[in-house]
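Dear colleague,

Please find below the structure that I am handing over to you. A summary of the findings follows it.

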Amino acid sequence: MRINVWIGLTALAALAVSLLVFAVIGMPMGHSYGFNISWTVAFADALSVNAIYPRFLPALWDGVGGLDFFFYAPLPFYIAAGPAQWVCPNCSPQVLFGLSGGFLCWLSGVAFWIFSRQFLPPKPALVAAFVWALAPYHVGIDWIVRQAAGEFAAYVFVPLVGHGVVVALRDRRPVWSLPIGLAGLGLSHLPTLLLVIHVLAVVVVAWILTHRTRFVGSLAILIVLGAAGIALSAFYWLPAIVLLGDVSPQGLYTQELIPESWYLIGADVLPDSMYKVALLICQLTAAAVAGLAILITAGETRKNLFIWALVPAILVLLLNSSLSRVLWENWIIARVQFPYRLTVISDLALALSIGAMSNAFASGRRSRRIALIGIGGLVTSFLAVGVLVPDRIAKGIAARGQPVAMIGAPEYLPPAVFDPLAEDVRTAGQPIWRLPRHMLELAAEIEAAGSGVIQPVQEAPRQWIVRAAELGQSETPMPVALMYWSHMEAATTDGTPLTLSWNPENGFVTLDSTEADVRIFIPWHWSEWVGVFLTGLGLIAAAIFIYRARIT
């Protein structure tokens, strides 16, 4: 009982420190700063007008609107607009996003403690939880350098999935953590979900080969609960996958943004050699520390470290080398773009191994020495991130009141808008990632007074009204400040369907004159309805299996 109180007080103290540190530090100006800060503002704005799950964000692109949250996972931005906003109602978007990072960092530690308790006593499990929450890739690269909000949020759910797999394999019973973990991964970052499923498949095989016990029942539980967990987030991921071909994902696949360019061992090209070295050191350190931990442990702990630390750490290294080229060129994992996203698994191996090593200080001089070497490896990883990527860290922290440029991700622009803009960018001899600046210039022209562009009135989420008086009696179609998307529909307010057209020069909606007001809307796509249905099934299935587990 006393140890539980101590652990609980430590967790509460860690929450307070996490929120304080992340709030004081604020929002690092990492790779995705521009997108994250504009999404934070636009998502909160959309929620404030009674959109429970806003997919279209009207505030993006300086008020023209964006389709980004049809495709980008929403969970980190619910944290910023919910708990972070409750803690600090009058804080700037930069501070709110920082606070959301504090919540996510703390939750990741709590989740890892739950996972590591399957292998370690309470205090070593607490050590492992702190290492996981503060691991070099997690905080140093994912948060500060890349500011990959989705990957950062995924750290909360990877340990929960691991916990569910452990319990299902060992005890042959359903467990709450597996469906919750998979659903959370889906709502945080689909690439991490895809990679974790592949790695866990290898872990399951390693467990079966190591334990040589009956496993058919365990596999059945894993499959059923896994399917329920995937289904729980289907309301997000099914439309995101089905509709992706109707925006401009090809904007992502330049030479610098494909898997073959990012092998840490044996790459054909080197978009950023120092960054790659830092990532490789993180992965090598995890594998080495896992090996050292196995040397100073025995029995079931050694077996568990082999399955959950050493095997995954080595697998990550293999998948980050050109030896795995055939997979990245021919398998679905190519959709994640960067093999180094697997470093989240390296951090899991590192945290679990350091937790196991923390017991070694009471096991003799040899074990203490090996444990100190392992801890030195952890410090080396931190130094590698700080020394090898200083230019990114030196970008610093965004000012609290810094103006927000309301950009969206260019790959989520509809082709009618993306294609002419991309042509303009190429004609100007600029790289494709300069497209947001061109889009903002176009939005400013469209929003400018006297531009002749009609400003629609938003009647409801995904629905706008254009007044007939504004359309006038012009013989030419009138431009409307909405980007055209193939899934948009229009009708007069008396119910007469209209065919939408668009300006081929900029991709924005145009309307012919009518005698009635016009309603433009984005109806629910069939994939949205099916996604909600699958989520309902997932809820029912998870509830039934978890309830049955409690009464057996």
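This is a predicted model: local features need pLDDT of at least 70, side-chain atom pairs count only at pLDDT 80 or more; totals for chains, interfaces and linings use all residues.

Residues are numbered from 1 along each chain as its sequence is written, and side-chain values use heavy atoms, with hydrogens and water left out.

**The whole chain**

The chain contains 23 helices and eight strands; these are DSSP runs numbered from the N terminus, with helices being H or I of at least four residues and strands E of at least two. Its radius of gyration, taken over C-alpha atoms, is 25 Å. Along the principal axes, the C-alpha atoms fill a box of roughly 90 × 55 × 50 Å.

Of the 552 residues, 55% are buried (under 20% relative accessible area, with exposed meaning over 50% and partly exposed in between; 1.4 Å probe, protein chains only). Contacts are counted where heavy atoms lie within 4.5 Å. Among those between residues at least 6 apart in sequence, 74% join residues at least 24 apart. The chain exposes about 23100 Å², and carbon and sulfur atoms supply 66% of that area (Shrake-Rupley method, 1.4 Å probe).

**The sheet**

Five strands make up an open sheet with antiparallel pairing, in the order β1-β2-β8-β4-β5; two strands pair if DSSP finds at least two bridges between them. β1 (457–460) and β5 (497–498) are at the edges, and each has a single partner strand, so one side of each is left without a neighbour in the sheet.

Three antiparallel bridges link β1 with β2 (residues 463–466). A460 has Q463 in β2 as its bridge partner, and Q458 stands opposite W464 in β2. Two residues lie between the strands of this hairpin, where R462 takes a positive phi near 65°.

**Residue T492**

T492 belongs to strand β4 (residues 489–492). With a relative accessible area of 7%, T492 is buried. Apart from its neighbours within four places in sequence, T492 is in contact with L498, A516, D517 and V518.

With kind regards

Conventions:
The radius of gyration is taken over C-alpha atoms; the globule rule is 2.2 Å times the number of residues to the power 0.38.
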